[in-house]
Amino acid sequence: MQELWNVDTNELLCAGVPVHGASEQLYDEEGYLFSPPCLWGTDEGLKAPPKLALNTTLRMVTIFDNHYYHAGQMGIWQMKAAFA
């Protein structure tokens with residue numbers, strides 16, 4: 001499970017639950033997990049992007065079950081922003 005919080009407002013900005021792969025298709029490989037990204041935008045079906053100040057404090061929470069081997073997590077949160 002992964003969460004992105006705005007600490008200043010205690011608002012949950014993003015939450016994701018990994019999906020277990022079940023085939024050999026791209027992003028669905030059996031034996032691996034895929035974490036769907038959080039997407040914002042102006043297209044239909046997307047939430048409006050959060051507006052954050054340059055000094056906003058963010059908390060990124062990722063929880064793993066260490067009872068089973070996993071290959072690791074790299075690049076979980078790739079933050080991109082634009083000045084408005």
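Begin by selecting asparagine 6 and glutamate 11 in this predicted model: glutamate 11, in β2, is the bridge partner of asparagine 6, and asparagine 6 itself lies in strand β1.

When its neighbours within four places in sequence are left aside, asparagine 6 is in contact with Glu11, Leu13, Leu52, Thr56, Thr57 and Leu58. Is asparagine 6 buried or exposed? Its relative accessible area is 6%, and because buried means under 20%, asparagine 6 counts as buried.

Now extend the selection to the whole of β1, residues 2-6. Of the 5 residues of this strand, 4 are buried, so β1 is largely enclosed by the rest of the structure.

From β1, move on to the turn and then to β2. The two strands form a hairpin with 4 residues between them, and asparagine 10, which belongs to the turn, has a positive phi of about 60°. The pairing of β1 with β2 is antiparallel and extends over 5 bridges, one of which can be revisited at asparagine 6 and glutamate 11.

Then turn to β5, and select leucine 4 with methionine 60. Methionine 60, in β5, is the bridge partner of leucine 4, and β1 and β5, which run antiparallel, are joined by 5 bridges.

Finally, select β1, β2 and β5 together to view the sheet. How many strands does this open sheet have, and in what order? There are 3 strands, in the order β2-β1-β5, with antiparallel pairing. The edge strands are β2, residues 11-16, and β5, residues 58-62, each of which pairs on one side only. Looking across the sheet, you will find neighbouring strands turned against each other by 15° on average, with direction ignored.

Conventions: Residues are numbered from 1 along each chain as its sequence is written. This is a predicted model: local features need pLDDT of at least 70, side-chain atom pairs count only at pLDDT 80 or more; totals for chains, interfaces and linings use all residues. Side-chain values use heavy atoms; hydrogens and water are left out. Two strands pair if DSSP finds at least two bridges between them. Axes are lines fitted to C-alpha atoms, for helices over the stretch in contact, and angles run from 0 to 180 degrees between N-to-C directions. Buried means under 20% relative accessible area, exposed over 50%, partly exposed in between (1.4 Å probe, protein chains only). Contact means heavy atoms within 4.5 Å.
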